[in-house]
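Biologist: Could you open the model so that we can go through it together?

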Amino acid sequence: MTDVVENLIEVRDALPDGVELVAVSKFHPAEAIMLAYGAGQRCFGESRVQELLAKEDVLPKDIKWHFIGHLQTNKVRQLIGKTSLIESVDSERLLALIDAESAKAGVVTRVLMQVHVAKEETKFGFLPEELLEYFREKRFEKLTHTHICGVMGMASNTDDNERVRADFAAIASIFRTIADDEKLGLRGFDTLSMGMSHDWPLAVEEGANLVRIGSGIFGERIY
Ligand SMILES: *Cc1c(COP(=O)(O)O)cnc(C)c1O
């Protein structure tokens with residue numbers, strides 16, 4: 001049996017001040033979430049819309065849900081109003097839809113832009129140059145009901161620590177280029193989400209202030 005509370009406390013003790021933890025609960029039951037909740041954890045991450053909604057429905061209302069998976073456009077409407085942060089905005093089309101549905105619902109949705117640097121990991125996310133161009137051209141000014149809070153990224157899935165570190169450094173560099181550009185006039189663009197169970201210490205060293213840890217807390221997922 002995985003000791004969720006013990007793992008959680010260990011992770012939290014290891015995280016430096018100022019780094020926020022998303023406990024990634026995807027594929028784990030509500031009971032496992034409640035163990036972490038009982039130990040004070042309030043922020044949880046899910047990668048599938050249906051699963052997030054089912055859990056949101058039955059679990060305490062002060063939980064902050066982060067959506068971290070690929071979001072299909074036909075599922076956006078259901079998700080609006082249920083999340084504290086959508087970390088995985090991977091296209092401008094998706095962003096436009098989130099904005100439109102948020103306007104209809106009369107809410108402001110907080111999001112991160114997912115940037116794609118790892119070679120083999122996932123096909124989702126903006127390429128660094130695309131993302132920089134998006135901001136350089138101030139295309140975010142069209143948004144009325146979406147707050148872009150920062151950047152999320154993943155490193156290559158490899159044992160080569162230098163490669164992982166280089167990926168995190170690249171993501172952090174893109175984040176800072178945008179965050180430090182005063183001409184953009186962005187407000188609250190301050191979140192850099194990177195690092196998972198096996199690589200979060202490197203991510204934190206490279207500047208992450210939000211980490212997403214699943215199996216390191218809840219144990220291996222059974223798909
Ligand atoms: C599943 C997932 C995580 C957590 O992965 P672990 O290796 O279990 O810590 C983090 N980020 C994203 C985007 C994920 O899909």
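This is a predicted model: local features need pLDDT of at least 70, side-chain atom pairs count only at pLDDT 80 or more; totals for chains, interfaces and linings use all residues.

Biologist: OK, which residues are around the ligand?

Modeller: Counting residues with a heavy atom within 4 Å of it, they are Val-24, Lys-26, Ile-68, Met-154, Met-196, Ser-197, Arg-212, Ile-213, Gly-214, Ser-215 and Arg-221.

Biologist: And which atom of Gly-214 lies 2.8 Å from a ligand oxygen?

Modeller: A backbone N or O atom of Gly-214 does, and for a polar contact (a pair of N or O atoms within 3.5 Å) there is also a polar side-chain atom of Arg-221 at 2.7 Å from an oxygen atom of the ligand. In Ser-197, a side-chain N or O atom is 2.5 Å from a ligand oxygen.

Biologist: How much of the ligand's area does the protein cover?

Modeller: The protein covers 91% of the 390 Å² of accessible area that the ligand has on its own, by the Shrake-Rupley method with a 1.4 Å probe.

Biologist: Changing topic, how many salt bridges does a search of the whole structure find?

Modeller: The search finds 16, each being a side-chain nitrogen of Lys or Arg within 4 Å of a carboxyl oxygen of Asp or Glu. One of them joins the side chains of Arg-77 and Glu-101, at 3.3 Å from N to O.

Biologist: What does that pair tie together?

Modeller: Arg-77 is in helix α4 (residues 76-79) and Glu-101 in helix α5 (residues 92-105), so the pair links parts 24 residues apart in sequence; helices here are DSSP runs of H or I with at least four residues, numbered from the N terminus.

Note on methods
Residues are numbered from 1 along each chain as its sequence is written. Side-chain values use heavy atoms; hydrogens and water are left out. A polar contact is a pair of N or O atoms within 3.5 Å; within protein, one must be able to donate a hydrogen and the other to accept it, and residues adjacent in sequence count only if both atoms are side-chain atoms. Helices (H or I, at least four residues) and strands (E, at least two) are DSSP runs, numbered from the N terminus.
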